[in-house]
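Colleague: I am new to this structure and would like to learn how to read its features one at a time. Could you take me through them, giving the general idea where there is one and then the case at hand?

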Amino acid sequence: MKNKTSVKWLAAIIIALVIILDQALKIWVKTSFYLGEELEIFSWFKLLFVQNPGMAFGWSLGSKLALTLFRYAATIFGFWYLSRLFRRKNLPVGLIVCVSLILAGAIGNLIDCTFYGLIFNNPAPPEVATLFPSLGGYASVLHGQVVDMLYFPLFSFVWPDWMPWVGGTEFEFFRPIFNLADTAVSVGVIVLILFYSSRLNPEPEPAPEERDPKE
């Protein structure tokens, strides 16, 4: 691994950059789009403003409060894990990058859950949300909804009528709508599994035993 100080700075820069870009895009979409509004960039890439009360890509897991508290626990664990990795020797910089991306993505969505209910209102379309509304936000602390907007409908087709269960229905790939924080988590996890799964032990490596100079 490179100089530990430079690697720590690299991790800090990645985390800060992902959070800033993620929040900037979310705030712009939240205050410029009404809920459900769509902007086509290309035929296969659109910005579509939705709000997600659950996990990444619209998945749900238990109550909103429980999910937010789970995100806090995961973020605290991420900081602990990253600090342990910094103590290791000969650790690939790529592993630090992956963990930093995952941690940054978790923090990005945690900000939405913690504060967005307090600092935004939630008007019905075609009204757009206001930052710091005079009448207060739409939810209490820890109950905000995550802003999603990245939509990649790469292709779609209709299943043949003779297909059981799905015949005559439309299939679209890729249907989930997500944000930059989700992207950072997904990229970090995928690269981590593919290239660094054998290096996940966070404990410092033991110093090699001193050998007899006569050997």
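**Reading the model feature by feature**

Modeller: Let us begin with the aromatic rings, of which a search of the whole structure finds 15 pairs. In the pair made by Phe-42 and Trp-44 the ring centres are 5.1 Å apart and the planes meet at 5°, so this pair is stacked. Please keep in mind throughout that this is a predicted model.

Colleague: Which residues do ring pairs link into a cluster?

Modeller: The cluster consists of Phe-42, Trp-44, Phe-45, Phe-152, Phe-155, Phe-173, Phe-174 and Phe-178. Phe-173 and Phe-174 are also joined by a cis peptide bond, with omega at about 15°, and Phe-174 lies in the loop between strand S5 (170-173) and strand S6 (177-178).

Colleague: How should I think about the nonpolar interior?

Modeller: In soluble globular proteins, nonpolar side chains tend to be buried together. Here, 35% of the 215 residues count as buried. The largest nonpolar core has 22 residues, and those that touch the most other members are Ile-15, Leu-82, Leu-85, Leu-95 and Ile-96. Two or more residues of this core come from each of helix H1 (4-32), helix H2 (64-85), helix H3 (93-119) and helix H4 (180-195), with H3 giving the largest share, eight residues.

Colleague: What does Leu-95 touch, leaving aside residues up to four places away in sequence?

Modeller: Leu-95 touches Leu-85, Leu-192, Tyr-196, Arg-199 and Leu-200.

Colleague: Where is Arg-88 found, and is it buried or exposed?

Modeller: Arg-88 sits in the loop between H2 and H3 and is buried, because its relative accessible area is 5%. The C-alpha atoms of Arg-88 and Pro-202 are separated by 7.6 Å, although the two residues are 114 residues apart along the chain.

Colleague: How does one look for empty space inside a model?

Modeller: Rolling a probe the size of a water molecule over the atoms shows where empty space is left. In this structure the search finds one cavity of 30 Å³ or more, and the largest cavity has a volume of about 40 Å³.

Colleague: Which residues line the largest cavity?

Modeller: The lining is made up of Lys-30, Phe-33, Tyr-34, Leu-35, Phe-49, Asn-122, Pro-123, Glu-127, Val-128 and Ala-129. Sorted by class, it has seven nonpolar, one polar and two charged residues.

Colleague: To finish, what is there to read in the backbone angle of Phe-132?

Modeller: Phe-132 has a phi near 55°, which is a positive value in a residue other than glycine. This residue lies in the loop between H3 and S3, and it is exposed, as its relative accessible area is 61%. Trp-165, which is not a glycine either, has a positive phi of about 70°. Trp-165 belongs to the loop between strand S4 (155-158) and S5, and with a relative accessible area of 85% it is exposed.

How values were computed:
Residues are numbered from 1 along each chain as its sequence is written. This is a predicted model: local features need pLDDT of at least 70, side-chain atom pairs count only at pLDDT 80 or more; totals for chains, interfaces and linings use all residues. Side-chain values use heavy atoms; hydrogens and water are left out. Rings of Phe, Tyr and Trp (its six-membered ring) pair if their centres lie within 6.5 Å; planes under 30 degrees apart count as stacked, over 60 as edge-to-face and the rest as tilted. On a 1 Å grid over the protein atoms alone, a cavity is a set of points where a 1.4 Å probe fits but cannot get out, and a pocket is an open set with protein on both sides within 12 Å along at least five of seven lines; lining residues have an atom within 4 Å of a point. Grid points are joined across faces, edges and corners, and a volume is the space filled by probe spheres set on the points. Ala, Val, Leu, Ile, Met, Phe, Trp, Tyr, Cys and Pro count as nonpolar, Asp, Glu, Lys and Arg as charged, and the others, Gly among them, as polar. A nonpolar core is a set of buried Ala, Val, Leu, Ile, Met, Phe, Trp, Tyr and Cys residues joined through side-chain atoms within 4.5 Å. Buried means under 20% relative accessible area, exposed over 50%, partly exposed in between (1.4 Å probe, protein chains only). Helices (H or I, at least four residues) and strands (E, at least two) are DSSP runs, numbered from the N terminus. Contact means heavy atoms within 4.5 Å.
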